[in-house]
Amino acid sequence: MSDIPRHPFGNLSVASVDEYRKRKVALISGITGQDGSYLTELLLEKGYEVHGIIRRSSSFNTGRLHHLYEDQHERPNKFKLHYGDLGDSTNLVYIIALVQPTEVYNLGAQSHVKVSFEMAEYTGDIDGLGTLRLLDAIRTCGLEKHVRFYQASTSELYGKVVETPQTEKTPFYPRSPYGAAKLYAFWITINYREAYGMYACNGILFNHESPRRGRTFVTRKISRAAAEIKLGKQHCLYLGNLDARRDWGHARDYVEGMWRMLQQPEAEDFILATGETHPVREFVEKAFAELDMNIRWEGSGVNEVGIDTKNGKTVVKVDPRYFRPAEVDLLLGNPEKAEKKLGWKRIVDFDSLVKEMVQADLKAAMNLVEDQN
Ligand code: NDP
Ligand code: GDR
């Protein structure tokens, strides 16, 4: 290891490349998010030293990592956080030079599609150019042949339905500033692979959820509301488009796929999906049913309501404020390539996902456990 420079701009010899990679050092942008927390757990279990980039915030933003920090007495020096931002190139170069990672997972993003219509430029900067900044930081440090790079690409790239199920060959047609920014990130990742021989790949991940999902994404919004309504803490759940269909899996299964993508002989792009699609209204029905509440739908369009059949109370209403200027109506992924080449398969099915999320939110609503986000 003595021939590995601990400073940037080093020229590593081919022999030292193998030595370098044996170190198993991961750097994760977006470590405080849903996927970042599950990926950190997975990599620590696999013996990696894990470094994460966190943003300075005036409020607490490491709730999803809290349990891992507590474990640190058992694993000193295995888990470190660094202040940084995908908008700050100098800082990214500094972190890459300091950490000298063997694997970089770029999960950091303004990840909310609806918000991207309101913060289009920021989303383009962080989700699009931010990916370029991170790739370039790796090159600036002379590590492009040594680091394996994962880009968090998304089924939002497919956007408007061209064909289903969507495969790695389906043409893209993004429908939001978020989707368009991620399109740039997708192609710049491929460009760095082709231009500089980097091991850089895109995981085209369909929606994945968990009890750690951010509260403003539709599944978590529903599971929380169902629990709160059951306990009488909330009266009604307001939603947008009930007919959008998504291919929903569990985040824990998907981070396993991310890791597998970086262990292949050659870098390639892969879809991770379940191969099933469900409308938002089905998620609502199953979430309430998990708490012994049955929903009957009445009316249509913006006047549609969901009624609790036991007491006749309206518990779901449509609020057009949650409609998007352009919608992605149907996502359904074909995970065949990942199943064949990576040996990856989702474990958690739709019903188990809904159950896990609702039960976790019920416990949180009863103050039996701390809500992690
Ligand atoms: P989250 O929204 O839960 O997490 C996003 C992470 O990015 C957070 O850690 C956030 O930090 C960080 N972040 C936001 N802005 C910046 C910035 N300017 N600089 C550095 N970090 C930043 O997303 P998920 O965990 O659900 O998703 C992870 C990635 O995968 C994202 O890139 C997302 O777009 C993509 N993706 C997600 C899918 C899903 O279904 N979950 C599907 C396909 C792709 P903070 O906590 O401080 O806000
Ligand atoms: P999505 O997830 O846009 O697919 O992006 P989200 O859960 O926000 O929306 C899914 C679908 O539900 C409809 N919907 C609502 N959505 C929200 N957030 N709130 C509501 O009240 C509501 N009512 C109906 C939406 O219109 C949409 O059709 C997620 C993010 O994690 C992205 O970062 C990721 O790239 C994609 O999944 C794959």
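Trainee: How many residues does the largest nonpolar core have, and which ones have the most contacts inside it?

Mentor: It has 67 residues, and Ile138, Phe149 and Leu272 have the most contacts inside it. Helix α7 (residues 177–196) gives the most, with seven residues. Bear in mind that this is a predicted model, where local features need pLDDT of at least 70, side-chain atom pairs count only at pLDDT 80 or more, and totals for chains, interfaces and linings use all residues. Residues are numbered from 1 along each chain as its sequence is written, while chains are lettered from A and ligands numbered from 1 in the order in which they are written.

Trainee: What makes a set of residues a nonpolar core?

Mentor: They must be buried Ala, Val, Leu, Ile, Met, Phe, Trp, Tyr or Cys residues, joined through C-beta atoms within 7 Å. There's a second, separate core of 24 residues here, including Ala225 and Val284.

Trainee: Why is Cys201 called buried?

Mentor: Count C-beta atoms, placed from the backbone: 20 or more others within 10 Å means buried, 12 or fewer exposed, and in between partly exposed. Cys201 has 22, so it's buried. You'll find Cys201 in strand β6 (residues 199–205); helices (H or I, at least four residues) and strands (E, at least two) are DSSP runs, numbered from the N terminus.

Trainee: What is Cys201 in contact with, leaving aside its neighbours within four places in sequence?

Mentor: Tyr150, Gln151, Met261, Ala267, Glu268 and Asp269. In contact means that the C-beta atoms, placed from the backbone, lie within 7 Å.

Trainee: Why are α8 and α10 called roughly parallel?

Mentor: The axes of α8 (residues 218–230) and α10 (residues 280–289) cross at roughly 30°. Axes are lines fitted to C-alpha atoms, for helices over the stretch in contact, with angles from 0 to 180 degrees between N-to-C directions. Under 35 degrees is roughly parallel, over 145 roughly antiparallel, 65 to 115 roughly perpendicular and the rest oblique. So α8 and α10 count as roughly parallel.

Trainee: And what makes α4 oblique to α6?

Mentor: Helices α4 (residues 89–99) and α6 (residues 120–140) pack at about 50°, with axes 9 Å apart. That angle falls in "the rest", so α4 is oblique to α6. Their contact is made by Ser89, Leu92, Val93 and Ile96 of α4 with Arg133, Leu134, Ala137, Ile138 and Thr140 of α6.

Definitions and conventions. Two residues are in contact if their C-beta atoms, placed from the backbone, lie within 7 Å.
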